[in-house]
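Hello,

Here is the structure for your files. My notes follow below it.

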Amino acid sequence: MVRKWVYAGVLALAVAACCSCGGRGTAEAAPAGVAEPRAVYNKILGVRNFQRTFNDRNDVHLSAAVAKGITPLGDREEAASAAERLLRIAPNGYYAMDSLAHSIPYLVPSASVLLTKIGGNFQDSLAAKGLPEHRIIVTSVLRTKRDAQRLSRRNVNATLNSAHFYGTTFDVSYRRFEPADTAAAAADPWKLKMVLAEVLRDLRKKEWCYIKYEVKQGCFHITTRL
Ligand SMILES: [Zn+2]
């Protein structure tokens, strides 16, 4: 008789153990009357003043670009001569790219690392804040002197002495972002801009890059310091 109860006890323990390891949903359901724990997301704090926060002047970008980058290219045919110092970048899981009219998709490796880091940190930050997944959009990359001449005819503010000549510098839109799920409701672009600004402010503080807030072009102008 005693033996029979021992067997029954072992069986009960086995069933209990089995229940606790299987059926995650039911095992972890909150008891009746107790509220399910709610996801806690980080707040969007943003930055107060974009122009003041991202105020690295062109000469600061240029000196980093000259130190870290390639010799400026006269035209696109010359890009082959700098091929071993440049990486061709393409849209991936971390960033989307506009079709580039006045630049070509090449960066020095450290600028490519920086761009990927920005895209990755942005996505991590969106997830931590409970916002849907988006990619940043690159709007301009490496310009040749010829590209700059063409651009200056259209845009009087386009400088003929730009960090974009060195493969160290790229622009990222703060107005447009690419949603991972185009069928889902669009996220508030202002919130996305604020989250991107937080990410950039932190990387700038860590001395990864110089950043200028470009009001007219609707982008952050970013040069690697890596
Ligand atoms: Zn730029």
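**Notes on the core and a helix pair**

Leu115 is in contact with Ile89, Tyr95, Leu107, Val138 and Phe170, leaving aside neighbours within four places in sequence; contact means C-beta atoms, placed from the backbone, within 7 Å. This is a predicted model, in which local features need pLDDT of at least 70, side-chain atom pairs count only at pLDDT 80 or more, and totals for chains, interfaces and linings use all residues. Residues are numbered from 1 along each chain as its sequence is written.

The chain holds seven helices and eight strands (DSSP runs numbered from the N terminus: H or I of at least four residues, E of at least two). Of its 226 residues, 32% are buried, that is, 20 or more other C-beta atoms lie within 10 Å of their own.

Leu115 and Leu107 are among the residues with the most contacts inside the largest nonpolar core, which has 43 residues. Such a core is a set of buried Ala, Val, Leu, Ile, Met, Phe, Trp, Tyr and Cys residues joined through C-beta atoms within 7 Å. Elements giving two or more residues to this core include helix 5 (109-128) and helix 7 (189-205).

Helix 5 and helix 7 pack at about 130°, axes 9 Å apart (lines fitted to C-alpha atoms over the stretch in contact; angles run from 0 to 180 degrees between N-to-C directions).

Regards

Methods: Buried ≥ 20, exposed ≤ 12 C-beta atoms within 10 Å, placed from the backbone. Contact = placed C-beta atoms within 7 Å.
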